[in-house]
Amino acid sequence: MEKLDACIRNHDREIEKMCNFHHQGFVDAITELLKVRADAEKLKVQVTDTNRRLQDAGKEVIAQTEEIIRCRVQQRNITTVVEKLQLCLPVLEMYSKLKEQMNVKRYYSALKTMEQLENLYLPRVSQYRFCQIMIENLPKLREEIKEISMSDLKDFLESIRKHSDKIGETAMKQAQQQKTFSTALQKQNNVNYGRNMHLGKSRIWESKNEITLKRTFEEEDEHEEEVLTAQDLVDFSPVYRCLHIYSVLGDGEIFENYYRKQRRKQARLVLQPQSSMHETVEGYRRYFSQIVGFFVVEDHILHVTQGLVTRTYTDELWNMALSKIIAVLRTHSSYCSDPDLVLELKNLIVVFADTLQGYGFPVNRLFDLLFEIRDQYNETLLKKWSGLFRDIFEADNYSPIPVANEEEYKIVISKFPFQDPELDKQCFPKKLPMSQSVPQIYIQVKEFIYASLKFSESLHRSSTEIDDMLRKSTNLLLTRTLSSCLQNLIKKPHIGLTELVQIIINTTHLEQACKYLEDFITNITSISQVTVHTARLYGLSTFKDARHGAEGEIYTKLNQKIDEFIQIADYDWTMSESDGRASGYLMDLINFLRSTFQVFTHLPGKVAQTACMSACQHLSTSLMQMLLDSELKQISMGAIQQFNLDVIQCELFASSEPVPGFQGDTLQLAFIDLRQDLRLPLWKCYIFHSTHEGSLNSVETKRCRMKRCS
């Protein structure tokens, strides 16, 4: 501590020494500061004044500077905003464009705009909130576009479902016009088409065909600009839009499946016929129009879109439809009993097939179906002509046709090819051997051939096949319909012997006219009869069978008439002596037979001879049965004599040759058995057996016993 204190004291002495050394300078400095003090006060006042003046002068500068600073900041901000707006403006413009496209329903373009927004514009300004809103709205807009486009597609499908008949009708009309045009050219080159078989008629038909063709060309020229195709009637833009939209969205396969599924459903609806479709032609026409309209649309979709429908799909759909169409036509056409309706149906099927064939669909099965419908058409024709034949037979008077002059004769000849040189030599008035039904039947057979030909037209068949069809259908008419009508006519109760004779004469002339019918068919088809495969008409067998039936009916009716006379016979089997003359019923019967056989002079000789022989044999048998009646117990000698007088009249009738051509006493032999049984000893024996043994049941037993006793 002492050392420390000593050290402190040393330092204090050194400090004191130094202060003493510098004290004068300090005093001088203080003195000088005191001198400067007054100047400093002045300077301070001056500085304060200067500062005040400077501050007053700088306020405006400061204000201007702050304004400049603020403007610079605004300018910088504006520049930044402009830069950002320039970056956002394309986005906003594209979004505005998107909204506008949505409003005008340009959905495919809207999707393209969305794609540009997402890939190009929105990533640049993704930090802004409005961009996030846009990004969130874009999927919703896509879904909205999908829903709208699908709704438009559904409206389109519903529209073509409702208007498919109009589309098909237009397509079928165009196909028919094309066919008419081709037919007109064909007729122009072949003036002998159809019924014009004579030169004069050919010239008339040629001029008519030329006029018709010219009118057709003129009408087509006039309406050429107005003609719209079937595709022009449909706005396919909804399909295109929907296809493009779904393709862009990556759902093209979903759209294709949906479209095909809906069209299959519509195909089933289109193919479903109305229950009363077969009653009118319009029902069939509407049915075909709907189907054609459906497949016209599908064909257009196939060719203008890529992959929406394929050829395999359309072929599968067409095969399904074709099977359904054929089944429907088979079912509904079977109800058609009117040949005109069946013919209209055939024409519709041909136009239907030609139309779809023009669009590339195979239609061979439809033409095969037409051959089935042709058979049905022939059946309806046969039914119709069966009624016509019945009416003709009912209206016929079954007497030869009288012709008073040459004009009437030519009228009949123009209807029926009749040739008889001997009749031509006779003077008017005269009578043709056939009755009025013969030319009418001949005309109706020709009309049937024309009607059958109408169905064969437009079937794309050769003349040989058409000729074969006509001959087969005509054979059916002759062998089945006409033959059945003749057989029914022969069996009718009101048809007497005179009518039966006339029927035989009529069938003879109709049989002779068959060769003219063959020539008629040959003139239509231009197929010679010498062709190997050419069928022949079966008129010979048809009319021969009818004649045989009429001949048999003549025999039957003659026997029935004889039975009627026999039934009124009233013999007194116990009379004591005869009247001395033949019975009245027998004389009436013989007179009837004489007059009847006089009518038979127009029949072939064998027919009249057979009828006469049959009548005599039946008369002999009936008289024999009268004698051999089991209820007859005894006969007097007078009754036997009276009966003998009747037998004598029968023999006289037979020997008078009521029908020429019998050899010797052939006809009298019909009564030989009756004559043998009238021998008196036999009758005595018969009376003996009848008295003692009672009635015998068998005629043969009676005859056997009488001969044994004799």
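Modeller: Let us begin with D49, which is partly exposed because its relative accessible area is 26%, where buried means under 20%, exposed over 50% and partly exposed in between, with a 1.4 Å probe and protein chains only. The model is a predicted one, in which local features need pLDDT of at least 70 and side-chain atom pairs count only at pLDDT 80 or more, while totals for chains, interfaces and linings use all residues. Residues are numbered from 1 along each chain as its sequence is written, and side-chain values use heavy atoms, leaving out hydrogens and water.

The partner of D49 is R52, and the closest N and O atoms of this salt bridge are 2.3 Å apart; the term requires a side-chain nitrogen of Lys or Arg within 4 Å of a carboxyl oxygen of Asp or Glu. R52 is also partly exposed, since its relative accessible area is 44%. Because D49 and R52 are three residues apart in helix α1, about one helical turn separates them; helices here are DSSP runs of H or I with at least four residues, numbered from the N terminus. Helix α1 covers residues 2-103.

Elsewhere, K472 and D468 form one at 3.1 Å, N to O, and because they are four residues apart in helix α14 (residues 463-491), about one helical turn lies between them.

Terms used: Helices (H or I, at least four residues) and strands (E, at least two) are DSSP runs, numbered from the N terminus.
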